[in-house]
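Biologist: I'm new to reading models like this one. Could you take a close look at a single aromatic residue and its surroundings with me?

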Amino acid sequence: IDGLSNKDIKIVDSSVGIELLKRDGGTDPHIWLDFDNAKIMVDNIAKNLAEKDFANADYYKKSAENYKEKLTKLDLNYKATFLKCENKKVIYGGHYAFAYMGRKYGFQYESAYGVSPNSEPSAKDLVKLVEQIKKGNIKYVFYEELVSPKVAETLAHETGTSLLLLNPAHNLTKSEFESNMTLIEIMESNLKNLELNC
């Protein structure tokens, strides 16, 4: 932006107040996948916007409250789904992203990849997942959007399962961005697929 200097830019850490999960290979950054954490993020962003633009502080506060209500509704829908869910195991052929959600809703989560975006699953990792799928009466292997589904496809082929999308919402496709897709919409779609896995 013309005329804007670095001193005018404020960097906001929206994770302030959130307990980060540690895992081999680093800290799991996917904090928004626990919707209580997402609410904290909303408050952190709204607070900082209000401080920067005090004249519109009420607007930011009201918008934050409205969005947190949507997150509460989403949270209740997830809780209701997983309360009646018989299969509490999710096998993900993507990067390790759903630990916060698994902890929140009580499902066991296994991923082919580690936390690092550069990690690659070993043959031993894949054999272990194939065994878990066969033993656990798993119907679906989930794949990650915007990542090659080769690993998920291999797991599904080896176990006779089907593929379903589970989107961690850390990126959008061009069409999703152009259609103004929201976190809420992505998570509602995820819930439909997770329910099929129950």
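Biologist: Is Y96 buried or exposed, and what is its relative accessible area?

Modeller: Y96 is buried, because its relative accessible area is 11%, and buried means under 20% (exposed is over 50%, partly exposed in between, with a 1.4 Å probe and protein chains only). Before we go on, please keep in mind that this is a predicted model, in which local features need pLDDT of at least 70 and side-chain atom pairs count only at pLDDT 80 or more, while totals for chains, interfaces and linings use all residues. Residues are numbered from 1 along each chain as its sequence is written, and side-chain values use heavy atoms, leaving out hydrogens and water.

Now for what surrounds the ring. The charged end of R23 sits over the ring of Y96, 3.6 Å from its centre; this label needs NZ of Lys or CZ of Arg within 6 Å of the ring centre and within 35 degrees of the ring normal.

Ten aromatic pairs turn up in a search of the whole structure. Rings of Phe, Tyr and Trp (its six-membered ring) pair if their centres lie within 6.5 Å, and planes under 30 degrees apart are stacked, over 60 edge-to-face and the rest tilted. Y96 pairs with Y109, and this pair is tilted, at 5.1 Å centre to centre and 55 degrees between the planes. The pair links distant parts of the chain, 13 residues apart: Y96 is in the loop between strand 3 and helix 3, and Y109 is in strand 4 (residues 108-111). Helices (H or I, at least four residues) and strands (E, at least two) are DSSP runs, numbered from the N terminus. Y109 is buried too, with a relative accessible area of 8%.

Leaving out residues up to four places away in sequence, Y78 touches F35, M101, Y105, M187, N190, L191 and L194, where contact means heavy atoms within 4.5 Å. Finally, ring pairs link Y78 with F35, F82, Y105 and F107 into a cluster.
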